[in-house]
Amino acid sequence: MRGLAEQLENLGSLHQVIIPDMWQQQAVTALREGKDVVVHAPTGAGKTLIFEHWSNQGKNRGQAIYTVPTRALANDKLAEWRARGWDVGISTGDLSENLDAPVIVATLETQKSRLIRGEGPSLLVIDEYQMLGDEDRGLNYEIAMAMAPQHTQLLLLSGSVANPQDVVKWLKRLGRDAVHIRTDFRPVPLDELHANSLSYHVPSQIRNYWPRLVAKVLAEDLGPLLIFAPRRQAAESMAGELARFLPTPNPLMLSQEQRMIVGENLGRMLKSRIAYHHSGLSYAARAGVIEPLAKAGQLRVVVATMGLAAGINFSLRSVALAGESYRRDNIEQQIKPDEILQMFGRAGRRGLDETGYVIVTANGIRLLEAHPAHLSRGGLVDWNALLGLMGAAADNEIDPFHEAVRVQERLFTTKPIALGIEESLKHPDVPCHLHTDAERARHVGKRLRQILNSQHEWQDFPDLREVRLGEIFIQSRSGQSDDVERGAVELVSKSEADPAGAAEVRDEGVPRDSAPTQPRFVLHPVLSASHAIEKVGFGHMTVLEETEAGKIHGRSVTVADRLHDGRLIITKWIRRMINWTSRQAPEEIWESKLVPLIERKMAEAKTPVVRFKKLAHKIVAEVSLAEQTMRAPVDRHGVALFKPIERDVLPHDCSVCSLVPICRALSTSTGTALLWRRLKLINEEGKPTTRGRIVSFFQQGDGLAIAAALEDETYPLDELVYDLANLDA
């Protein structure tokens, strides 16, 4: 019997073994064959499992460095793998420990100098490699990946990149044997629910939008709920508001240690099973209390900040967005589609939920707006690192500029390094009187935007105004029927062209920078073009009348269902609109009472009823959209136009200059050699000066400030040390 019990216990342990999916097995096989692997898989699909299987529970041959975007995630991975008995170290800038371990979790910036020196590990894992396109940190990611030595294999993981094949091509251009592994399978599928569709009746004592919405979500068994707020203060205030208004039938009991870690305010919220989560919290509060409680299903609501979305290491059943933008570096930024994808990807807990839910809130952000972003690099270069590489080349008697070009050619998008004054010196006399390549390139790139107005005249693009749809017109080819595709226009002969210089006409079939042309069109009411008003109003699109100008469209909405005994079932939204308490009504009171009420309310909503139609089983109202408004440009003749034909024209001085093609080909970036020589970072041969070498050890402009301070002999050393400490802080 004892032997049987041991066998049963061993069989039970098999249930804990995770069998990798086919795509995960393919990735592990490719790594073991010595290839670089670029993986595209949705959030929660199990990308990390590839590394765990490759590493054989942390017993891999050679060192592996697993990099993540945030310090919080690095600490999470460290704790998770150490709990399994792995020998793991960590390097995050503020924490450096056990760096000889077979597995190191790190932020990529801490590994950049090592990779540049050619001292890379056996495997470098870059989790969330879409950071390559980040405005602030992308340069570090790019130079680290570009300069990683050939003996270091790369494993790139993400679910937010639309063009991973381009990254594979890049790696192959660097001489690497790279493959792309892709899966679109999501273990927990996502479903979308509009907040207005939640029908649970909320008690009147629960006030304000978010408490009432969350109450409905929890009552519909859609919790726990993860809400993304724009910033820290919003997250804290929303969590506090939810804790005040939502009843707590089953309070959470915290230990004394947990209460000491989170403090009194957050402790009260946690008692209500509600928490906020942002980077301002201590690591102990986030990773030691909030995240474990969330993963254990002990919290009903977590309000997190959008800026820390990439650093969240847990999922909840439902996700909602409480804003359309967030603040980054004191600038308000719209949420990007890949950021929406990452946040919505936190809906649905693997092994707990059959479906994850995206709650569409008042901002209207939907699941279809979440999609991977096309990864590309900007025109910036990690100049500090480039200075360091040029200095090393000079020490080895290699031409520094040659080395700079070699490094530049290894970047994600190749752009040659230019000094920035070559063409200007060849052509000194120009109408714009600008003397550097960058200035000329920027000037010729300033296009003047014009529209073709209602009288076939080109004019500057006017300001947008709020205009009634009944007063807006759409341009279409002469004789074209309604619903004409925008841009289907006839072009007059070249002799009729506008003489104001080369233009770019934004229309289908018309190439940019072609000879200036003037399209011919006729005007139709925008209400005759169903594609132009497809997002206006609600209900089904219908034709209200046929005129010489075309079919005028409106909307058809059901207002009542007809029963066989003559009674009417008034639709819910109509009852609410006219404040009609009874669900049913006899058909004989339709004309006398209901019709006037509905007509008055619909007119107040700027969707007046044109007619009612009694069908076999229902009554529908056909409503006009003419009173609805839309932002549209109004030309100099007072005519509002829907997406009018546009063109871009050159500045006046460029239109009379023969150097336009040359100036267009110039880089808008400030000339490297000129800027560095002005700053005394390099000499004429490109060899970095002492100042340039100091700058190369730092990021952004900090190095230049430090170099200038060191050169000032009147700067007291104790003050310099104090100011350096403040600068670092």
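Biologist: Is helix 3 mostly covered or mostly open?
Modeller: Mostly covered: seven of the eight residues in helix 3 are buried. Keep in mind that this is a predicted model.

Biologist: Which residues of helix 3 are the buried ones?
Modeller: Thr48, Leu49, Ile50, Phe51, Glu52, Trp54 and Ser55.

Biologist: And what follows helix 3?
Modeller: Asparagine 56 comes after helix 3, and its phi is positive, near 55°.

Biologist: OK, pockets. What's the volume of the second largest pocket?
Modeller: About 1200 Å³. The lining of that pocket counts 43 residues, and Gly44, Gly46, Thr48, Lys77 and Asn313 lie nearest the centre.

Biologist: Which elements give two or more residues to that lining?
Modeller: Helix 3 (48-55), helix 4 (71-83) and helix 11. Helix 3 has the largest share of the lining of the second largest pocket, with four residues.

Biologist: Let's look at helix 11 then. Where does helix 11 lie?
Modeller: Helix 11 covers residues 283-295 and lies across strand 11 and strand 12 (301-305). The angle between helix 11 and strand 11 is about 130°.

Biologist: Which residues of helix 11 are buried?
Modeller: Ala285, Arg286, Ala287, Val289, Ile290, Glu291, Leu293 and Ala294. They pack against helix 4, helix 10 (256-271), strand 11 and strand 12. After helix 11 comes glycine 297, again with a positive phi, near 75°.

Biologist: I don't see alanine 284 among the buried ones. Why is alanine 284 called partly exposed?
Modeller: Because its relative accessible area is 37%, and partly exposed runs between the 20% limit for buried and the 50% limit for exposed. Alanine 284 does sit in helix 11.

Biologist: What does alanine 284 touch, leaving aside neighbours within four places in sequence?
Modeller: Ile261 and Val289 are in contact with alanine 284. As for glutamine 258, its C-alpha is 9.3 Å from that of alanine 284, and the two are 26 residues apart in sequence.

Biologist: What about histidine 277, buried or exposed?
Modeller: Histidine 277 counts as buried, because its relative accessibility is 1%, and the limit for buried is under 20%. This histidine 277 belongs to strand 11. Its side chain makes a polar contact of 2.9 Å with the side chain of glutamate 291.

Biologist: Now the sheet: what's the strand order?
Modeller: The order is 9-16-13-10-12-11, in an open sheet of six strands with parallel pairing. Strand 9 (190-194) and strand 11 (274-277) are the edge strands, each pairing on one side only. Neighbouring strands in this sheet are turned by 20° against each other on average, direction ignored.

Biologist: How many bridges join strand 9 to strand 16?
Modeller: Five, and the two strands run parallel, with strand 16 spanning residues 356-360. One of the pairs has leucine 190 bridged to glycine 356 in strand 16.

Biologist: Last topic. How many cavities of 30 Å³ or more does a search of the whole structure find?
Modeller: Five. The largest cavity has a volume of about 80 Å³.

Biologist: What lines the largest cavity?
Modeller: Its lining includes Cys432, Cys654, Cys657 and Cys663, along with Arg440, His443 and Asp653. Helix 16 (437-444), helix 19 (652-655) and helix 20 (660-664) each supply at least two lining residues, and helix 16 gives the largest share, three residues.

Notes: Residues are numbered from 1 along each chain as its sequence is written. This is a predicted model: local features need pLDDT of at least 70, side-chain atom pairs count only at pLDDT 80 or more; totals for chains, interfaces and linings use all residues. Side-chain values use heavy atoms; hydrogens and water are left out. Two strands pair if DSSP finds at least two bridges between them. Axes are lines fitted to C-alpha atoms, for helices over the stretch in contact, and angles run from 0 to 180 degrees between N-to-C directions. Contact means heavy atoms within 4.5 Å. Buried means under 20% relative accessible area, exposed over 50%, partly exposed in between (1.4 Å probe, protein chains only). A polar contact is a pair of N or O atoms within 3.5 Å; within protein, one must be able to donate a hydrogen and the other to accept it, and residues adjacent in sequence count only if both atoms are side-chain atoms. On a 1 Å grid over the protein atoms alone, a cavity is a set of points where a 1.4 Å probe fits but cannot get out, and a pocket is an open set with protein on both sides within 12 Å along at least five of seven lines; lining residues have an atom within 4 Å of a point. Grid points are joined across faces, edges and corners, and a volume is the space filled by probe spheres set on the points.
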